[in-house]
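Please walk through the packing of this protein chain with the structure open beside the text.

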Amino acid sequence: MRALVLRGFGDATVEEVPDPVPGPDEVVVDVACVQPSVTECMLIAGDPVAMHDVLAARLAAGPTRFGGHEFAGVVNGPGPFPPGTRVTAVETAACRACAACRRDRPDACPSPAVLGFTRPGAFAEKVAVPATSLVAVPDGVTASQAAAVQPLAGALHGHAIAEVRPGDSVLILGAGVMGVLHTQVARHGGAGQIIVTGRSPAKRRLALEAGADLVLDAADDVLPAVLDATGGIGADVVFETAGGTPGAGLAGTSTLELAARCVRRGGRIVMVAVLPRRATAPLGLLRERAVALLHPRSGAGGYSPGGGAFEQALRLIRRGDVDVDRLVTHRLDGVDALPKALDITRDKAAHGAAGPAQVTVGPWGWS
Ligand SMILES: [Zn+2]
């Protein structure tokens, strides 16, 4: 089969590789559609975000398969679902053997298997997946929508850990993929006023369509506008989705400081953005204002080991409660287009993309 092979940072090519051989309790899935995550794009480019050192060590040893955990496909072999079943998968599977796993804390497992990271992912025509990670995709959901379900499940998780109560004011910094998904989840989940910041007019328009009550230009003075809109007290909950590597079109680390000033005293900040390990934080300000700084689990296996959050995300898509199609502006055909999809996703602004560039790898449905 053909698959993406990484020969060095920034050096990804599609090559002929052996077909995956399923291990015990694994299932081979024919990939129908896959999309890169922004984190994968940053890691492939060599940015110093989490897992960078692990990938650097692997590349020092030779070419490696990397990436491809947001995908949908069709079961091709025996397992819990009959061949032909349309599926996606939870990307992180705890080992089930360590002390943490035995104490029912799979999110604390020190050595989980992570699709596309510790084992070959779906940047390929076929992928082997632990049977327990599979999530069936209901009728009425397209391959493109199912490939986009993992970030939506993440937004559901972020909303849950923030304990957004009915009527809570919610500020979402950033109107990229996670910003727009958090906006839709907040609207669906009963938030009160929803304020979103975004840099480009296109992103701000997306945020409005997604259900924001007030959309601010991130280049303007955001703090007074948020205070004005919240009676002077600040937002109950802030989702920080904007920070990260400036080279990947993200806002650096200043947005955490902004979040700390825009949240109300005693409020909650959810750090959706992935920052460098040594990024600075305004700890004194957070302490002074008694703000809780919450971090979502970094793998879906931590908050949804059985795929329940994925099933709920698929349900929201099928009902039309959440629209993920609006984020897919670039669809490429064939596995050989993967390097181009990485380029577009890494610098979405330069390509006029709203979300990741998706690649249609193979047919969807019964085949
Ligand atoms: Zn474990």
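Cys41 is buried, at a relative accessible area of 3%; buried means under 20% relative accessible area, exposed means over 50%, and partly exposed lies in between, with a 1.4 Å probe and protein chains only. This is a predicted model, in which local features need pLDDT of at least 70 and side-chain atom pairs count only at pLDDT 80 or more, while totals for chains, interfaces and linings use all residues. Residues are numbered from 1 along each chain as its sequence is written, and side-chain values use heavy atoms, with hydrogens and water left out.

The closest cysteine sulfur to that of Cys41 belongs to Cys33 and is 15 Å away, too far for a bond. The structure holds zero disulfides, a disulfide being a pair of cysteine sulfur atoms within 2.5 Å. Cys95 is partly exposed, with a relative accessible area of 32%.

The largest nonpolar core has 40 residues, and those touching the most other members are Val34, Phe71, Val127, Val129 and Leu338. Such a core is a set of buried Ala, Val, Leu, Ile, Met, Phe, Trp, Tyr and Cys residues joined through side-chain atoms within 4.5 Å. Leaving aside neighbours within four places in sequence, Leu338 is in contact with Leu4, Val14, Val34, Phe123, Ala124 and Val359, where contact means heavy atoms within 4.5 Å. Another core, of 34 residues, lies apart from it and includes Val177, Leu181, Leu206 and Val324.

Val226 is found in helix H8; helices (H or I, at least four residues) and strands (E, at least two) are DSSP runs numbered from the N terminus. Val226 is buried, with a relative accessible area of 0%. Not counting residues up to four places away in sequence, Val226 touches Leu171, Leu216, Ala235 and Cys262. Cys262 is also one of the buried residues of helix H9 (residues 254-262), along with Thr255, Leu256, Ala259 and Ala260. These buried residues of H9 pack against several elements, among them helix H8 (222-229), strand E13 (235-240) and strand E14 (263-271).

Elsewhere, the axes of helix H5 (residues 149-161) and helix H12 (residues 308-319) come within 8 Å and cross at roughly 105°. Axes are lines fitted to C-alpha atoms, for helices over the stretch in contact, and angles run from 0 to 180 degrees between N-to-C directions. H5 and H12 are therefore roughly perpendicular to each other; angles under 35 degrees count as roughly parallel, over 145 as roughly antiparallel, 65 to 115 as roughly perpendicular and the rest as oblique. The residues making this contact include Leu152 and Leu156 of H5 and Phe310 and Ile317 of H12.
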